[in-house]
Amino acid sequence: MVLDQEAMVRYVKQHDHYSCGPVAILNAALWAGKKVTKSKDLKRLCRLTKCNPIHINDRKRKGTKQKNLDRALTKELRGYATVKRAGWITRQQLISYLRDPNHAAVICYCHTWDVDHHPVAGHYALCIGIKDDMLRLVNLGHAAPTSLNKKISRFYRMYMQHWENGRGTKYPRIWLLRKV
């Protein structure tokens, strides 16, 4: 995908510590051409995904569970894009997939580790394309710009390591999207 094509879409930025799942779905819907807005649809998507605020010292469910994102993403994109939960794919498979301008991916990856390098938190982001060796990622968190380019080799090395959080949630997860 030529990265300049995404300039026609105004993607939504996450403004808190926990709604990355609903924001990824909202941005995927925008990418697919669905008429959605943050003011009209984000609260609905938070309810649909059962998104919870993060309580730093609470080990209970935080943010959005993958199974809830999977269900909500498929429902929200019905008629606009197909959704295929792919689990983990190689860097080269992702590059090949994203070269098609009608393809994108929602990626759930680990972004925070403790001092012993155990996974602490995951994050959902939309990947809308690739140019040369740069991924175009949307919503890298509440403190990041709305979208940004990341070198794919560095992104895979830093964030796409296989791990499980001890409660059955495996990272990274990738949902492949194709416009219909």
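Predicted model: local features only at pLDDT ≥ 70, side-chain atom pairs only at ≥ 80, totals over all residues.
**Entry: D132**

I then looked up where D132 sits. It is in the loop that joins β3 (119-131) to β4 (134-138). Most residues other than glycine have a negative phi. I marked D132 for that reason.

**Entry: K50**

I looked for another residue with this kind of phi and noted K50. K50 is not a glycine, yet its phi is positive at about 60°. The loop here runs between α2 (38-49) and α3, and K50 belongs to it. Is K50 buried, partly exposed or exposed? Its relative accessibility is 46%, so K50 counts as partly exposed.

**Entry: the whole chain**

I stepped back to the overall layout. The chain holds 5 helices and 8 strands. I read their order along the sequence as α-α-α-β-α-β-β-β-β-α-β-β-β. The chain has 180 residues, and 46% of them count as buried. I also looked up the accessible surface. It comes to about 9,600 Å², with 51% of that belonging to carbon and sulfur atoms. Then I asked about contacts across the sequence. Among contacts in the chain with a separation of 6 or more, 60% join residues 24 or more positions apart.

**Entry: α1 against α3**

I turned to the helix pairs. Helix α1 covers residues 20-32 and helix α3 covers residues 66-77. Their axes lie 10 Å apart, and the packing angle is about 25°. An angle under 35 degrees counts as roughly parallel, so α1 and α3 get that label. I noted the handedness too: α1 and α3 make a right-handed crossing.

Which residues of α1 and α3 meet? From α1 I listed G21, I25, A28, A29 and A32. From α3 I listed L69, A72, L73, E76 and L77. I sorted the residues of this contact by class and got 8 nonpolar, 1 polar and 1 charged.

**Entry: T74**

I stayed in helix α3 for T74, which lies there. T74 has a relative accessibility of 32%, so it counts as partly exposed.

**Entry: α2 against α3**

Helix α3 also has a contact with α2. What is the angle at which the axes of α2 and α3 cross? I found roughly 135°, and the axes come within 8 Å. That angle makes α2 oblique to α3. On the α2 side I wrote down R44, L45, L48 and T49. On the α3 side I wrote down N68, R71, A72, K75 and E76. The class count for this contact is 3 nonpolar, 2 polar and 4 charged residues.

I went back over the α3 names. A72 and E76 meet α1, and A72 and E76 also meet α2.

**Entry: α4 against α5**

The next pair was α4 (residues 91-98) and α5 (residues 152-159). Their axes cross at roughly 130° and come within 11 Å. So α4 is oblique to α5. The crossing of α4 past α5 is right-handed. I listed the residues that make the contact. R91, L94 and I95 come from α4, while I152, S153 and Y156 come from α5. By class I counted 4 nonpolar, 1 polar and 1 charged residues.

**Entry: S19**

Is S19 buried or exposed? Its relative accessible area is 3%, so S19 is buried. I then asked what S19 touches. Leaving out residues up to four places away in sequence, I found Q14, C46 and C51. I also looked up S19 with Y124. They are 105 residues apart in sequence. From C-alpha to C-alpha, S19 and Y124 are 9.0 Å apart.

Notes
Residues numbered from 1 in each chain as written. Heavy atoms only, no water. Axes fitted to C-alpha atoms, helices over the stretch in contact; angles between N-to-C directions. Helix = DSSP H or I, 4+ residues; strand = E, 2+ residues; numbered from the N terminus. Parallel < 35°, antiparallel > 145°, perpendicular 65-115°, else oblique. Left-handed = near helix turned anticlockwise from the far one by under 90°. Contact = heavy atoms within 4.5 Å. Nonpolar A, V, L, I, M, F, W, Y, C, P; charged D, E, K, R; others polar. Buried < 20%, exposed > 50% of the residue type's maximum accessible area, 1.4 Å probe, protein only. Areas by Shrake-Rupley, 256 points an atom, 1.4 Å probe, with all protein chains shown as cover.
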